[in-house]
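The tour below goes from one selection to the next and says what is found at each.

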Amino acid sequence: MSGTLFKYPNTMVPCLTMMWLILAAFLGIQKKLHLTAWAAIVGFIFDMYYTGILGVYVFIFPLVVYICQSLYQMLPPSFLSGFLVYFLGITVLMSLGFIANAFIGQAPASASQFLVNTLAPTLALNLVFLAVSYFPVEALYRTHR
């Protein structure tokens with residue numbers, strides 16, 4: 001699907017791994033899952049495979065999981081709360097990644113181009129993925145508690 005997701009000038013980045021981590025933070029037992037450690041491991045693998053610069057996503061992934069977990073605990077547990085917190089989590093993830101890449105000179109676009117051509121399509125795609133997968137993943141976590 002890369003021809004559809006990465007069609008100039010727009011870029012849609014599917015964040016399925018982050019979605020799974022955030023859903024685990026919403027629905028799972030946090031102390032038994034060790035989500036921040038898993039998020040750091042996934043961030044390390046993400047850095048090794050995609051960016052080639054170790055350390056950026058090792059810190060961003062656990063930070064986003066922690067922020068989403070903290071925000072979700074303040075809200076009543078529901079699909080709409082999860083939807084809102086996931087929206088904020090993906091926004092933080094993509095924005096911090098862009099800021100880190102801009103800081104080291106790897107960002108190919110300006111902030112306004114990033115917001116319009118990358119962040120908005122990425123949010124739309126990932127929110128659709130969340131809407132489709134939230135209830136099946138919730139049922140999976142409910143049956144395996």
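The stops that follow are taken from a predicted model.

**Stop 1: helix H2**

Select residues 16–27, which form helix H2. The helix has 12 residues and reaches 16 Å from its first C-alpha to its last, close to the 16 Å expected at 1.5 Å a residue. Now show the surroundings as a surface. Because 9 of the 12 residues of H2 are buried, the helix is largely enclosed by the rest of the structure. Those buried residues are Met18, Met19, Leu21, Ile22, Leu23, Ala24, Ala25, Phe26 and Leu27.

**Stop 2: the largest nonpolar core**

The largest nonpolar core has 35 residues, and the members that touch the most others are Met18, Leu23, Phe26, Ile90 and Leu93. At least two residues of this core come from each of H2, helix H4 (35–51), helix H5 (56–74), helix H6 (79–103) and H7. Which helix gives the largest share of this core? It is H2, with 9 residues.

Centre the view on Leu23. Leaving aside neighbours within four places in sequence, Leu23 is in contact with Gly28, Leu130, Ser133, Tyr134 and Val137.

**Stop 3: H4 against H5**

Select H4 and H5 together and hide the rest. The two helices pack at an angle of about 145°, and their axes are 7 Å apart. The crossing of H4 past H5 is right-handed. On the H4 side, the contact is made by Leu35, Thr36, Ala39, Ala40, Val42, Gly43, Phe44, Phe46, Asp47 and Thr51. On the H5 side, it is made by Val56, Tyr57, Val58, Phe61, Pro62 and Val65.

Stay with H5 for a moment. H5 has 19 residues and reaches 28 Å from its first C-alpha to its last, close to the 27 Å expected at 1.5 Å a residue. Its buried residues are Val56, Tyr57, Val58, Ile60, Phe61, Pro62, Val64, Val65, Cys68, Gln69 and Tyr72.

**Stop 4: Gly43**

Pick Gly43, which is found in helix H4. Is Gly43 buried or exposed? Its relative accessible area is 0%, so Gly43 is buried. Not counting residues up to four places away in sequence, Gly43 touches Tyr57, Val58 and Phe61. Then draw a distance from Gly43 to Gly55: the two are 12 residues apart in sequence, and their C-alpha atoms are 8.1 Å apart in space.

**Stop 5: the salt bridge**

How many salt bridges does a search of the whole structure find? The search finds 1. To see it, select Glu138 and Arg142, whose closest N and O atoms are 3.9 Å apart. Both residues belong to helix H7 (residues 111–143), and because they are 4 residues apart there, about one helical turn separates them. Glu138 counts as partly exposed, at 24% relative accessibility. Arg142, with a relative accessible area of 55%, is exposed.

**Stop 6: Pro9**

Finish at Pro9, in the loop between helix H1 (2–5) and H2. Pro9 has a relative accessible area of 41% and is partly exposed. Pro9 and Thr118 are 109 residues apart along the chain, while their C-alpha atoms are separated by 8.6 Å.

Key: Residues numbered from 1 in each chain as written. Predicted model: local features only at pLDDT ≥ 70, side-chain atom pairs only at ≥ 80, totals over all residues. Heavy atoms only, no water. Expected span 1.5 Å × (residues − 1). Buried < 20%, exposed > 50% of the residue type's maximum accessible area, 1.4 Å probe, protein only. Salt bridge = Lys/Arg side-chain N within 4 Å of Asp/Glu carboxyl O. Core = buried A, V, L, I, M, F, W, Y, C linked by side-chain atoms within 4.5 Å. Contact = heavy atoms within 4.5 Å. Axes fitted to C-alpha atoms, helices over the stretch in contact; angles between N-to-C directions. Left-handed = near helix turned anticlockwise from the far one by under 90°.
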